[in-house]
Amino acid sequence: MTAPSLTKLPGEPVHASSGPPILKAENITVRFGGVVAVKDISLAVRPGEILGLIGPNGAGKTTLFNALTGFVRPSEGRVLYNGRDITTMPPQARAKLGMARTFQVERPFEDLSVLENVLVAAFLKYRGGRAEDHAYAVLERVGLADRATQPASQLNLARRRRLELAKVLALEPKVLFLDESIAGLNPPGQQEMVALIRTLAGSGLAIVMVEHIMHVIMSLSDHVICMAFGELLAEGDPHAVAAHPDVIRAYLGDDND
Ligand SMILES: Nc1ncnc2c1ncn2[C@@H]1O[C@H](COP(=O)(O)OP(=O)(O)OP(=O)(O)O)[C@@H](O)[C@H]1O
């Protein structure tokens, strides 16, 4: 039984952000029949800020994530985007507003090239040559430009993850939801993804991420929310959350790190 490793990754310091939140959730509760998967959780994220959601298995992270992105309707509470109530808005409409998410299992079109995969999303924003220029620019941003003509099926896991990210970045989101984008990658792949996520936040994107790898989320997040059994256990600065006795207790014996 080991406590999670909460050491900081080397790199840029955690950055700060200011201004009004772009995304707010107020008192979100999600029930599935008799199961209360999320109970009375509130949060806010500002442009340029990284919010990390952590908690042991079954804590309710994915359900909260789904409530924020429109894949699950909250039983109670509200989700606000730039002050607008979007609680009942479907995911596609949220995407048009500027909210985009990745999924735990990346799903590229295997037979299409890397560029074509991104073009599918780019065409939702631009036409013809502009879409292609945009797709290339996004591939540059995630470090896949040199793979543009390669079939997606030939990419290794780290590059598939970056392709997944490229597909959502092509939608030009303002809030990015990352569902375990780093889990399963080897240490160099993790470092690359961490650096990329920092750069994206540095460019003004608000990021909400669910991640099991504690030292990664502690290193990246400006603000951390720790859940257990659907409820808020602790929140705040990553170091304060990591040192919180309830958080340490919740993770004791958890082998996720
Ligand atoms: N569609 C559903 N129907 C019924 N119960 C559900 C449903 N989705 C989730 N749950 C329950 O809600 C609780 C929270 O699950 P959730 O998947 O949100 O947790 P999690 O923190 O994301 O877990 P993990 O880290 O294992 O992915 C669990 O008890 C789960 O069994």
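1. Start with strand β7, which is covered on both faces: Val175, Phe177 and Asp179 are buried on one side, Leu176 and Leu178 on the other. β7 covers residues 175–179, and since five of the five are buried, the strand is largely enclosed by the rest of the structure. As a reminder, side chains in a regular strand alternate between the two faces of the sheet.

2. Before going on, two housekeeping notes. This is a predicted model, where local features need pLDDT of at least 70, side-chain atom pairs count only at pLDDT 80 or more, and totals for chains, interfaces and linings use all residues. Residues are numbered from 1 along each chain as its sequence is written.

3. Now the neighbours of β7. Strand β6 (residues 99–101) runs parallel to β7, with three bridges between them, and Arg101 has Phe177 as its bridge partner. Strand β8 (residues 206–210) is also parallel to β7, joined by five bridges; there, Val208 stands opposite Phe177. Strands count as paired if DSSP finds at least two bridges between them. Strands (E, at least two residues) and helices (H or I, at least four) are DSSP runs, numbered from the N terminus.

4. There is also an open sheet of four strands, in the order β2-β1-β4-β5 with antiparallel pairing. β2 (35–45) and β5 (84–85) are its edge strands, each pairing on one side only. β5 pairs with β4 (residues 76–81) through two bridges in the antiparallel sense, and Asp85 in β5 stands opposite Leu80.

5. Next, have a look at helix α1 (residues 61–69). Seven of its nine residues are buried, so the helix is largely enclosed by the rest of the structure. The buried ones are Lys61, Thr63, Leu64, Phe65, Asn66, Ala67 and Leu68. Gly70 follows α1 and has a positive phi, near 95°.

6. Last, a helix pair. The axes of α3 (residues 114–122) and α5 (residues 157–169) come within 7 Å and cross at roughly 30°. The two helices are therefore roughly parallel (angles under 35 degrees; over 145 is roughly antiparallel, 65 to 115 roughly perpendicular, the rest oblique). Val114, Asn117, Val118 and Ala121 of α3 make the contact with Leu163, Ala166 and Lys167 of α5, where contact means C-beta atoms, placed from the backbone, within 7 Å.

Methods:
Axes fitted to C-alpha atoms, helices over the stretch in contact; angles between N-to-C directions. Contact = placed C-beta atoms within 7 Å. Buried ≥ 20, exposed ≤ 12 C-beta atoms within 10 Å, placed from the backbone.
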